[in-house]
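Subject: Structure for your files

Hello,

Here is the structure I said I would pass on. My notes on what was found in it follow below.

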Amino acid sequence: MEKVAQAAFSYSHFPNDGSIEIKFVSKKEITRLNMVYRKIDGPTDVLSFTISQEPLVGQIFICYT
C-alpha cells in the first residue's frame, strides 16, 4: 500500500511532505460514515476526505466486505 501511495504522489502535483491515512472498514462502519458525511443511508466502496491542502493530508476509507 505504501508503494502504491508513493507512486500516486509521484504522478501528482502535490508535494512529497503530505500524507494519506488509509483505513479498511466494515460494511457497517462505511454505512455509518456515509450517513454522517454524505447523508446517504447505505454502504459505499470508498470514501475519501481532504483534511488539509498544504501539506496534503487526507483519509481514505475502503470497505472490505
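Helices (H or I, at least four residues) and strands (E, at least two) are DSSP runs, numbered from the N terminus.

This is a predicted model, where local features need pLDDT of at least 70, side-chain atom pairs count only at pLDDT 80 or more, and totals for chains, interfaces and linings use all residues. Residues are numbered from 1 along each chain as its sequence is written, and side-chain values use heavy atoms, with hydrogens and water left out.

The sheet

The three strands form an open sheet with mixed pairing, in the order β1-β3-β2. Two strands count as paired if DSSP finds at least two bridges between them. β1 (19–25) and β2 (46–52) are at the edges with a single partner strand each, so one side of each has no neighbour in the sheet. From one strand to the next, the twist averages 15 degrees. Strand β3 (residues 57–63) pairs with β2 in the antiparallel sense, over six bridges. Within that part of the sheet, Val 46 has Ile 62 in β3 as its bridge partner.

The helices

Helix α2 (residues 27–38) lies across β1, β2 and β3, and runs at about 55 degrees to β2. Axes here are lines fitted to C-alpha atoms, for helices over the stretch in contact, and angles run from 0 to 180 degrees between N-to-C directions. Helix α1 (residues 2–10) contains Val 4. Val 4 is exposed, at 58% relative accessible area. The cut-offs are under 20% for buried and over 50% for exposed, with partly exposed in between (1.4 Å probe, protein chains only). Val 4 and Ser 48 are 44 residues apart along the chain, and their C-alpha atoms are separated by 16 Å.

The chain as a whole

The C-alpha trace spans about 35 × 20 × 15 Å along its principal axes. Of the 65 residues in the protein chain, 22% are buried. Among the contacts (heavy atoms within 4.5 Å) with a separation of 6 or more, 42% come from residues 24 or more positions apart. The protein chain exposes about 5000 Å², of which carbon and sulfur atoms supply 56%; accessible areas come from the Shrake-Rupley method with a 1.4 Å probe, and for residues only the protein chains shown count as cover.

Regards
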